Amino acid sequence: MGKNVTQKLVESHLVEGRMICGEEIGLKIDQTLTQDATGTLVMLEFEAMGIPRIRTELSVQYVDHNLLQEDFKNADDHLFLRSACKKFGLWYSRPGNGVSHPVHMERFGVPGKTLLGSDSHTCAAGSLGMLAIGAGGLEVAMAMAGEPFYLKMPKTWGVKLVGEMPDWVSAKDVILEMLRRHDVDGGIGKIVEYYGPGLKSLTAMDRHVIANMGAELGATTSVFPSDDAVMAFLKSQGREQAFREILADTDAEYDEYEEINLSELEPLIALPSSPGNVVPVREVAGREIYQSYIGSSANPGLRDFAITAMIVDGKQAHDRVSFDVNPTSRQILENMTATGILGKLIHAGARLHQAGCGGCIGMGQAPATGRISLRTVPRNFPGRSGTKEDQVYLCSPETAAASALTGVITDPRTLSMAYPRFMEAETILLNTEMLVPPAQEGEQYDLEKGPNIKPLPVLEPLPDNLEGPVLLKVGDDISTDEILPAGAKVLPFRSNIPAISRFVFSPIDETYSERAMGYQKQGSFVVGGANYGQGSSREHAALGPRYLGVKAVIAKSFARIHLQNLSNFGILPLIFANPDDWNKIAQGDTLCIPDVRSAIRQGNSVKVINLTKNETYDTEHRMTQYQVEMVLAGSLINLVKQKES
């Protein structure tokens, strides 16, 4: 039997385990990606390991999240990251050079390579035929140290694309269709591999849009073949020598199958406040909007800005609408300028922002209270925009541009104009100057640590018995943005765990942090619903609660990356054997897990006693043996230190 692309990528990097679904495997990691919201902690973790230089083929540190410099904190951390790159041998992408994912694709993506990134949208590089996976920062630090990346072998979900997209439909509508069908947890435990004749009409950047938002499906990653479209992209970047053809064999099989007829798609939109809340645009047309936002890692290509410019050319955005344009890389901004795209957008009323993540993670461009904001970003979790009472809808550039003109949600097919066509030139302006190469081996550099950079907290091993109150009970699909929000107010404390922990669960309960500090030494519990911890890979959403004394989270199910992050920092992740038991526990109940170390060593079953109600619940952990050892040790860092001593 032939192999699919996923199998070829996994097999060529398999260093431990077997390619059998559900079994733990170890993968050799060729490249790593870090961004400044997570990278500061990664560099501190790498420093703590005492390893002088990275052991990957290539590692890159991007500064794309914390670009607003309201005080010294972000600026200091930029200097710290630059010094860490010099000291440890990483590439450094300077502030304003752009969002990590499109820049990495432009400059460093190589078909057939593995990429591990401390950002959940690292999976975007699957568009080039890479095996690209988002993970917690500590795992990325381990990969930088030359260690394998461990995970349970996912199922391969083959999605066959047939037909060709009609006018006014684009790649964003393809991934929104997947989310419409399967919601935000439909991809858990799976790698999505796209194949079929419909691929011929998708450029590499179209595929980036789809692969990027595979994270919103909960998928481990998404994979595309490396074919003529990838070759064309690499050639346009002056890197055709990096091309390698990787195709599925003609008799390849998949664990699960899906088919999308591109010809039958229509403009789609995700309603607040979940990427899975998808309906046709026509069903919500006419609703008044406040903002139309173009850009982000989910629609980062020159094509996305060009189509928008062609739609608004010679017209004006509605006077009520904030028409925000967020270029995704310095190179794309230069090409927008050279081709006249930028001029058209500015003349139409666009508010131009610097190349970076910007409003996507609440770093500026926050919308008005309760007013609709149409965005081409990947996520619309509650409050992520920076406005607590936000109304963020996710859509394509076509829908966002049409709506910017009319002031209401508009199906772009109703515009009285022909669908604009944009064909990117084979040769474009390249910008490599804002990428600082690694220092030569042997050169000595000191880390530049500002006053906001604090040492990692000491994390004690798991005690023999756990007992404490349930300080918070939450429902399904709680995101890491709700556990520990992003935004201009919070992210500057990313290298200061005591300070950032003040914001833990603040979007849900502003009293949580203060209440938790009272139980920091004793320990406490959190009870969650299904898909707990979806969204960002920010490990602060595990480390913050751990600092406040959370010893265990009991949920109906966990998102993949967050489950790993909990294990990395010694928080015991337990799953209700009977999901209905979630209803029996109330916030404030005191729970007890006696002899917990022995329980998780001996098997998967763990009994939880509710001392308040005199009830016992059956739970299970689904950790690998390696994850169990992390939790017992108190953290992965502790485990590494134990092995080194």
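## Largest pocket

Helix H8 (228-236) contributes most to the lining of the largest pocket, with 6 residues. Helices H4 (100-107), H7 (204-212), H9 (302-312) and H10 (330-338) are, with H8, the elements that give two or more residues to this lining. Helices here are DSSP runs of H or I of at least four residues, strands are E runs of at least two, and both are numbered from the N terminus.

The largest pocket holds about 1100 Å³ of space. Of its 42 lining residues, Thr-203, Asp-206, Phe-422, Met-423 and Glu-424 are the closest to the centre. The lining comprises 22 nonpolar, 9 polar and 11 charged residues. Asp, Glu, Lys and Arg count as charged, Ala, Val, Leu, Ile, Met, Phe, Trp, Tyr, Cys and Pro as nonpolar, and the others, Gly among them, as polar. A pocket is an open set of points on a 1 Å grid over the protein atoms alone, with protein on both sides within 12 Å along at least five of seven lines; lining residues have an atom within 4 Å of a point. A volume is the space filled by probe spheres set on the points.

## Strand E26 and its partners

Strand E26 (residues 605-610) runs antiparallel to E25 (residues 590-593), to which 2 bridges join it; Leu-591 lies opposite Asn-610. Pairing requires at least two DSSP bridges between two strands. With E27 (residues 615-620), E26 forms 6 bridges, also in the antiparallel sense, and Ile-609 faces Thr-616.

## Basis of the model

The model is predicted: local features need pLDDT of at least 70, side-chain atom pairs count only at pLDDT 80 or more, and totals for chains, interfaces and linings use all residues. Residues are numbered from 1 along each chain as its sequence is written, and side-chain values use heavy atoms, leaving out hydrogens and water.

Methods: 1 Å grid on protein atoms, 1.4 Å probe; cavity = no way out; pocket = protein on both sides within 12 Å on 5 of 7 lines; lining within 4 Å.
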